[in-house]
Amino acid sequence: MIRLIFPLLILFLLHGTEHTRATTAGAQKKTLETLDGAALSRLITHRGGKALLINVWATWCDPCVEEFPDLVALDREYRSKNVDIVSVNIDDSDDIESKVLPFLHSQKSSMKTYTNGFKKPEDFINALNPSWSGAVPATIIFDSSGKRREFLIGRQSLDSLKSKLAAAVGR
Amino acid sequence: MKRFIGIPAILAAVVLGGFRPADTPRKVENFKLKDYNGVEHSLTDYKDAKGVVLMFIATRCPISNSYNERMVALDKDYRSKGIVFIGINANKQEPVDEVKQHAKDKGFEFTILKDEGNVIADKLGASVTPEIYLLNPGFEVLYHGRIDDSSKEAKVTSQDLRRALDEFLAGKVVSTPETKAFGCTIKRVTAS
């Protein structure tokens, strides 16, 4: 009897684990919308009186990963202060479920996070700034009229981001 | 009257260095850097090559590292055609010993120069790894940008550097002289 129950128990546990993983991943996946040209344009121009910070990042980028907790903290702090803070992940689409979602989960991020929906990398790069090489992390700050105020390459300090956001909100 | 206003304006643009016909390639000035063995190299050492490919690369950047095998293949495929590949490491946190070990581990046979203080990266405006400059024998930039359009080799749809090299070697104008891709920032001594 034990011989029969034991394999069934293993099968049940394995199935349960897979189901949980799929459900969790599926639930998280719903929060990762794709950002294409039209969505980016809407995001920048339809400000509704709010400033906007966009952070472009990847899990393969060490400075991005190091900077991310500050962005999560900024999102929590500024959500009620007329600033939208969003991130756009540029990992390969194959790595979203295996790398990006677990990373966001580990960061306890409730920040709006998109995946890159542009067909070509340079289309996304040029849409944000034609003079940008594509080096990440990149942080772009827009004021409430949708005008770009800052384009920052590389890891930024939390204090620097706060002061630049305050300037954008104050304009 | 308009003619007299226009001429000084053009002259001013030329004097200030801001005027360059759109199709005139940018020229890279000669520079000297040491390789990971301490041997000094000048760009002019390669004036007899059919072309020079400068590659800003890194030891720790996953995107640059995803191109290691492709860089080896490019060097192998185009060396016999007279193209010289030169790697440049301008990352402040990647010491020369690490660059040497990395080159050995990855089987790089091309020269790798250490750009201490990111002087050459600053002069060229290189900001990401990997970042490519294809130069003709006059050291004019014929192509600037990425190696291809995906860090995952199986997903590549556009072999940008190979296409530029093939067009150049065939005596044609490089059809796409500028491309972009996401990559790691070059970690500079001074933040840019």
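Trainee: Which residue in S3(A) does Asn55(A) stand opposite?

Mentor: Ser87(A). Keep in mind this is a predicted model.

Trainee: OK, and how many bridges join S2(A) to S3(A)?

Mentor: Seven, and the two strands run parallel. To get from S2(A) to S3(A), the chain goes through helix H3, residues 62-78 of chain A, in a right-handed β-α-β crossover.

Trainee: What about S3(A) and S4(A), how many bridges there?

Mentor: Four, again with the strands running parallel. Val86(A) stands opposite Lys112(A) of S4(A). The chain passes through helix H4 (residues 96-106) of chain A on the way, and that β-α-β crossover is right-handed.

Trainee: How many residues of strand S3 in chain A are buried?

Mentor: Five of its seven, so to speak mostly covered.

Trainee: Switching to the core: which residues have the most contacts inside the largest nonpolar one?

Mentor: Val136(A), Val53(B) and Met55(B), in a core of 78 residues. Strand S2 (residues 51-57) of chain A gives the largest share, six residues.

Trainee: And what does Val136(A) touch?

Mentor: Leaving out residues up to four places away in sequence, its contacts include Trp57(A), Cys61(A) and Ile90(A), plus Phe182(B) and Thr185(B) from chain B.

Key:
Residues are numbered from 1 along each chain as its sequence is written. Chains are lettered from A and ligands numbered from 1 in the order in which they are written. This is a predicted model: local features need pLDDT of at least 70, side-chain atom pairs count only at pLDDT 80 or more; totals for chains, interfaces and linings use all residues. A nonpolar core is a set of buried Ala, Val, Leu, Ile, Met, Phe, Trp, Tyr and Cys residues joined through C-beta atoms within 7 Å. A residue is buried if 20 or more other C-beta atoms lie within 10 Å of its own, exposed if 12 or fewer, and partly exposed in between; C-beta atoms are placed from the backbone. Two residues are in contact if their C-beta atoms, placed from the backbone, lie within 7 Å. Two strands pair if DSSP finds at least two bridges between them. A crossover is right-handed if, with the strands pointing away from the viewer, the path from the first strand over the helix to the second runs clockwise.
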